[in-house]
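Hello,

Here is the structure we talked about.

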Amino acid sequence: MRIWMLIISGMSIMVFGILFPRPQSAPRQIPSSSTVEVSTLLSGLDVPWDLCWGPDNQIWYTEQAGKISRLDPGTGKSELLVHIPDVLRLTTPGLMSLAFHPDFKRQPYLFTNYTYRKDSLTIATKLVRYTYSKGKLSAPVILLEIPGHKGHNGSRIVISPDHKIMYATGDAVTITNAQSLASLNGKVLRLNLDGTVPADNPIKGSAVWSWGHRNIQGLVYSPKGILFSSEHGDATDDELNKILPGNNYGWPKVEGYCDQPREKQCCDSARITPPLMAWTPTIAPAGIAFYGSHAIPEWQGCLLMTTLKEADLRVLKPDEKGDKIISERIYLDQQYGRLRDVCVSPTGDVYVSTSNRDWNPGKGFPTQGDDRILRIRRKNGGIKLADLSGPVASARPAHEPAGKALYHQYCSSCHKEDGKGVAGVFPSLAGSPHVKGDKPVLLRIILGGISPAKQNASGKYDQQMPAFLFLKDEDIADIATYIRAGFENDSERVMPREVSKARQDPGK
Ligand code: HEC
């Protein structure tokens with residue numbers, strides 16, 4: 001009797017599903033009944049860049065300035081394994097990713113990569129193999145060296161199910177790199193474990209596996225062997241991609257989806273793989289991990305992705321084949337500052353690292369105790385998963401000037417909320433002659449950005465100013481008016497028609 005009822009009700013659900021299929025784009029409602037605990041496992045760190053669950057059930061992690069350590073999640077004790085002396089650490093360069101040899105017990109190798117100063121003018125990135133023995137990492141062997149830069153060095157390393165090194169590199173701020181198959185920058189590379197090029201790579205004799213990448217910050221395999229990446233866009237279009245061999249992901253010709261007229265032309269003439277998801281305004285995605293455990297059922301089968309700019313943990317549900325993202329949820333919103341990486345233990349505990357000592361001082365960060373490694377684990381009677389989000393950043397009082405919200409969305413991650421920037425990294429807009437002075441000069445900076453080619457040779461700043469050509473005249477006028485009126489600049493407002501004029505006349 002019971003069984004019959006179940007079968008009948010099961011059938012009616014099926015019929016219901018066929019007659020009223022769920023709309024494709026609507027996020028699926030997942031019950032949010034799990035309760036969890038969030039705690040700080042370790043603090044006082046300096047940008048823990050990569051968290052990697054080890055074959056010894058400990059968390060091996062890098063810190064940007066050059067340390068690799070090992071953390072016992074049971075005791076919270078951390079032990080230093082090596083301090084690499086020649087790491088060049090600037091705002092974003094430094095020691096980055098980490099991956100274990102797939103047969104670590106017999107071949108105790110660890111792969112890592114970092115930027116270093118080759119000579120007074122040149123920065124390079126090395127992919128290095130260390131050997132582990134008795135609590136120490138030693139005997140570095142360089143497997144690959146590629147050009148580096150003050151920005152866009154990527155990167156992540158993961159080992160593929162067929163035991164190759166997959167190494168995601170940044171475009172090193174050289175606009176031609178990502179589309180050039182002769183360059184190893186702006187790529188996902190595939191190497192044998194000894195650093196040689198596999199015979200079955202898509203391009204004979206080349207390490208290139210996929211191209212058209214700007215600055216990949218996260219890379220992970222799902223248990224089904226699908227490779228996902230997270231990637232930083234320029235002023236628009238951060239991306240989540242499914243990485244396939246021999247595919248072109250578009251940068252710098254196509255940003256995000258193929259939706260601008262210029263991009264459509266390019267997509268017609270070349271095969272460009274669109275992202276699974278793109279974010280504008282940008283969120284600065286970082287490390288990604290796959291959650292396969294039953295411990296937090298709402299997250300099972302999802303990608304966990306940390307973000308730097310938006311300072312949150314996103315839970316993205318891919319479909320069966322990893323061809324689209326069917327839901328996105330946001331947790332830990334702006335509670336711990338920028339989040340850099342995430343890893344998952346076999347029992348489904350989640351570890352997240354903060355990144356408040358690199359890019360930011362600002363918005364109250366770094367706080368005392370930064371940077372930290374946090375743990376989120378299932379706990380009966382803990383916080384409801386649904387309550388694990390903070391205040392929504394976009395909820396702003398209505399009386400604020402229009403330009404303030406836009407400035408917050410597009411400019412404040414670099415120039416800071418108070419316009420004062422960060423010395424040596426982002427110029428102050430307060431009292432800047434470029435802001436107070438000639439309006440066309442200011443508008444050309446905002447519209448066109450300041451590319452490395454336009455920077456003076458001394459390279460005063462570590463970072464570039466992106467172009468905001470994609471914003472509407474009204475929005476740029478509002479932003480320009482806001483920064484001219486405020487930040488002690490006291491200058492006249494900017495009208496949309498002045499923006500339109502600056503667009504037509506790019507000047508010299
Ligand atoms: C990704 C970081 C970043 C973002 C986002 C950004 N800028 Fe910049 N901006 C820079 C950097 C770096 C420079 C200095 C470039 C140089 O001179 O080489 C700069 C320079 C400028 C200058 C020239 C300042 C001077 O005194 O020379 C202005 C004006 C400016 N930015 C306005 C803006 C506005 C308005 C926005 C938002 C619409 C914005 N920026 C967004 C990084 C950024």
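**Cysteines and the iron site**

Cys302 counts as buried, because its relative accessibility is 1%. Buried means under 20% relative accessible area, exposed means over 50%, and partly exposed is in between (1.4 Å probe, protein chains only).

Before the rest, the basis. This is a predicted model, where local features need pLDDT of at least 70, side-chain atom pairs count only at pLDDT 80 or more, and totals for chains, interfaces and linings use all residues. Residues are numbered from 1 along each chain as its sequence is written, and side-chain values use heavy atoms, with hydrogens and water left out.

A search of the whole structure turns up one disulfide (a pair of cysteine sulfur atoms within 2.5 Å). Cys258 and Cys267 form it, with their sulfur atoms 1.6 Å apart. The link of Cys258 and Cys267 is right-handed, with 90° about the S-S bond. Cys258 is partly exposed, at 29% relative accessibility.

Cys52 is buried, at 14% relative accessibility.

Now the metal. His415 (NE2) and Met465 (SD) coordinate the iron atom of the ligand at 2.0 to 2.1 Å. Donors are N, O and S atoms within 2.8 Å of the metal (3.2 Å for Na, K and Ca); water is not among the atoms, so sites may look incomplete. His415 is buried, with a relative accessible area of 11%.

Best wishes
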